[in-house]
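Here are my notes for a first look through this one. Have the sequence and the 3D view open side by side, and take the points in order.

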Amino acid sequence: MPGRSVLQWDKESTAGAGLVKIDLLGLGMLAALHDACDLVAEHHGLRYDLAGIPDDDKGVYAMLRRADTVGVFQVESRAQMATLPRLKPDHFYDLVVEVALIRPGPIQGGSVHPYLRRRAGVEPAGCPHPLMENALGKTLGVPLFQEQMMQLAIDCAGFTPSEADQLRQAMGAKRSRERVARLRERLLTGMAERGIPPEVAEDVYGKIEAFSNYGFPESHAISFAYLVYASAWLKYHFPAAFTCALLANQPMGFYSPLSLVADARRHGVRVRGVDVNASGPRPTLEPYRGPTPEPPLTAGRPQPAIRLGLETVRGIGTPQAEAIAAGQPYADLEDFARRTGLPAPVLEALATAGAFDCFGLTRRQALWAAGAFAGISAELLPGTTPGTAAPELPGMSPVEETIADLWATGTSATSHPLQHLRAHLDRGGALRADQLPDVPPGTAVVVGGLVTHRQRPPTAGGVLFLSLEDETGLINVICNRPVWESQRRTALDRAGLLVHGHVERDRGATNLIATRLTPLRIGL
């Protein structure tokens, strides 16, 4: 824009200058949704955009109630997955509540469990004082949004709209607790003048103070909730396109490519490894080719296969991946090495990933030849490079192929590390993730899995939350402080764990309360 001036301002001073402050939030999920819709149009012949995604899909809400939400915007975390089966969303505003509920403000303000109990009908919904009904009626008497805090200040403490806006600014500012504390006397005095008992007034102030630790405006929660629904809808109806788009926009979200690929396979999507004659720079979709004439169906639709991209291979950046794709097809490994000029480490990473299988080479044969072809001279006649023919080499075992995939690409198109340990785990009586929902609560069990996440939120009183993954799904493990502190190194450092504990079930959400942690050796 010709003549435009750009000034650097402290954001807190813009309101005082009479300017409107607009936060522009960049979300990787928006790029993923765009890519997913493009893939759906290309491979299914159906064109959708965010405005055209059908609403009120019962199958989508059923999937959300099962917490089948790996990759779904905002509701794929451990805490959200534990809340979804209890909240049981069945229409859009439930997603607005879900997004707003698992935030530091509502958690520290004590809103989460009262809301879930009222939602389940375990305790009556109501407000401590009639003046609160206007602000809290639609959320069962529990404050969840910043706007509700502003309305409480107006209705219960006599704040003017301008004063309520000052409260909003105080809740969202740096050093927000100090700024909210300055309004404490004004709030308590106003509530006393309107006959609100002191204990109720203190509770209201405590919730307002808790929102200083980050709570959502309702408008923000509504916008995020629509992205929750849109991403869940695409995952439910087009899991191949949705997962492909997520993989193409890494890093983003809560889960690694290994977890995303494993989840796609659990939903019937075939995943194919890197291939120098078939892969693009980023993940792509391909027509289904499998052992059965008909492709797998998801929500009644046949699903294409995901082909992993060249950029996933160790040592390959975007320019190299684009150059490789532009040169396809290649006649053999020598032709590939001669035309790409890639160094030995990259050729060896491609060989380790099985990317030269298209030339009829096993991975070990390709690794042998890659070293000989690296840095091949253009002066040599084709077919005269010495030392390229491998001796008799045993093929990699399935376990070795999985480890090779993980080293070379960070994921595996065909297997999960835990499936190779399953026979050992079965002999030890360990249950799979998909078996836990059928186990009666209180039952002592043992499970094994890879640790995908470790969390010790300040709101949890020292509890360590672990997310374990096996070949069948995810397991939410709760470790109380005495358990994980007595086994600190195992709990915090090990990639794989065997967890002994007992099953806890709360309104459909299944957790494992750990009593003992032992290392699970995955270096097979």
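1. A word on burial before we start: a residue counts as buried under 20% relative accessible area, exposed over 50%, and partly exposed in between, using a 1.4 Å probe and protein chains only. By that rule Glu-334 is buried, with a relative accessible area of 11%, while Arg-338 is partly exposed at 25%.

2. Now the ground rules. This is a predicted model, where local features need pLDDT of at least 70, side-chain atom pairs count only at pLDDT 80 or more, and totals for chains, interfaces and linings use all residues. Residues are numbered from 1 along each chain as its sequence is written, and side-chain values use heavy atoms, with hydrogens and water left out.

3. How confident is the predictor? pLDDT is its confidence in each residue, from 0 to 100. The protein chain averages 89, and 93% of the residues score at least 70. Confidence is highest in α14, at a mean of 97, and lowest in strand β3 (residues 297-298), at 70. Where pLDDT is low, the predicted coordinates should not be read in detail. Helices (H or I, at least four residues) and strands (E, at least two) are DSSP runs, numbered from the N terminus.

4. Back to that first pair. Glu-334 and Arg-338 meet in a salt bridge, N to O 3.0 Å; the term means a side-chain nitrogen of Lys or Arg within 4 Å of a carboxyl oxygen of Asp or Glu. Both sit in helix α17 (residues 333-340), and being 4 residues apart they are separated by about one helical turn. The count of salt bridges comes to 30.

5. Two other bridges to look up. Arg-117 pairs with Glu-123, the closest N and O atoms being 2.8 Å apart; Arg-117 is partly exposed at 30%, and Glu-123 is partly exposed at 21%. Asp-506 bridges to Arg-507, again with closest N and O atoms 2.8 Å apart. Salt bridges that share partners join Arg-86, Asp-506 and Arg-507 into one network.

6. Next, find α14 (residues 239-248) and α15 (residues 257-266). They pack at an angle of about 170 degrees, with axes 10 Å apart. Axes are lines fitted to C-alpha atoms, for helices over the stretch in contact, and angles run from 0 to 180 degrees between N-to-C directions. So α14 is roughly antiparallel to α15; angles over 145 degrees count as roughly antiparallel, under 35 as roughly parallel, 65 to 115 as roughly perpendicular, and the rest as oblique. Thr-243, Leu-246 and Leu-247 of α14 touch Pro-257, Leu-260, Val-261 and Ala-264 of α15, contact meaning heavy atoms within 4.5 Å.

7. Which way do α3 (residues 78-87) and α6 (residues 112-119) run relative to each other, parallel or antiparallel? Their axes come within 9 Å and cross at roughly 30 degrees, so the two are roughly parallel. Thr-83, Arg-86 and Leu-87 in α3 meet His-113, Tyr-115, Leu-116 and Arg-119 in α6. Arg-86 also belongs to the salt-bridge network with Asp-506 and Arg-507.

8. Lys-235 counts as buried, at 4% relative accessibility. Leaving aside neighbours within four places in sequence, its contacts include Met-63, Asp-68, Phe-242, Asp-263 and His-267.

Conventions:
pLDDT = per-residue confidence, 0-100.
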